[in-house]
Amino acid sequence: MRALAAAVRKISPGRSDRIALLCPGTMRSHHIRHAILAAGAEAVQVSPLMSVDEIMRLLLDSGAVVMLCHRDMITLGSQAARMAGIRLFTIGPPSSAPGSDGRLEDLAEALVATAKG
């Protein structure tokens, strides 16, 4: 959890930043939400039932600076993030995701490795 929170701080260094979370309701989504809160940011829950336009409007209206998107929803999330002009990071199983700035878990692992080294 601490490594994920550190990764969230790395991608969104402002205190009280809003971070959008597009993820199915899994235990992993709860871990990510807690990491967002532990990093001092606010989580903006995005429903996977929303359209690209609805998500884009939510991103703009909420003031989200970053979107975390489960890789299974990357098509929806990347379009909305691009339209809103914000960065997008994937969460969940590793995959190559077009339009993504990276994978949150990979960043967390790199931060842990750097701290140990």
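## Close-up views of a predicted model

**View 1. Helices α1 and α2 are oblique to each other.** In this predicted model, helix α1 covers residues 2-11 and helix α2 covers residues 27-38. Their axes lie 8 Å apart and meet at an angle of about 60°. The crossing of α1 and α2 is right-handed.

**View 2. Here are the residues where α1 meets α2.** From α1, the contact draws on L4, A5, V8 and R9. On the α2 side, look for R28, I32, A35, I36 and A38. Sorted by type, the residues of this contact comprise 7 nonpolar and 2 charged, with no polar ones.

**View 3. T90 sits in strand β4.** The strand runs over residues 87-91. Is T90 buried or exposed? With a relative accessible area of 4%, T90 is buried, because the cut-off is under 20%. Leaving aside residues up to four places away in sequence, T90 touches C69, I74, A97, S100, G102, R103, L104 and E105.

**View 4. I86 lies in the loop between α4 and β4.** Helix α4 spans 74-84. I86 has a relative accessibility of 17% and so counts as buried. Which residues does I86 touch, not counting those up to four places away in sequence? They are L59, A64, V65, V66, M67 and A81.

**View 5. I86 and E105 are shown together.** The two are 19 residues apart in sequence, and their C-alpha atoms are 19 Å apart in space.

Key
Residues are numbered from 1 along each chain as its sequence is written. This is a predicted model: local features need pLDDT of at least 70, side-chain atom pairs count only at pLDDT 80 or more; totals for chains, interfaces and linings use all residues. Side-chain values use heavy atoms; hydrogens and water are left out. Helices (H or I, at least four residues) and strands (E, at least two) are DSSP runs, numbered from the N terminus. Buried means under 20% relative accessible area, exposed over 50%, partly exposed in between (1.4 Å probe, protein chains only). Contact means heavy atoms within 4.5 Å. Axes are lines fitted to C-alpha atoms, for helices over the stretch in contact, and angles run from 0 to 180 degrees between N-to-C directions. Angles under 35 degrees count as roughly parallel, over 145 as roughly antiparallel, 65 to 115 as roughly perpendicular and the rest as oblique. A crossing is left-handed if the near helix is turned anticlockwise from the far one by less than a right angle, and right-handed if clockwise. Ala, Val, Leu, Ile, Met, Phe, Trp, Tyr, Cys and Pro count as nonpolar, Asp, Glu, Lys and Arg as charged, and the others, Gly among them, as polar.
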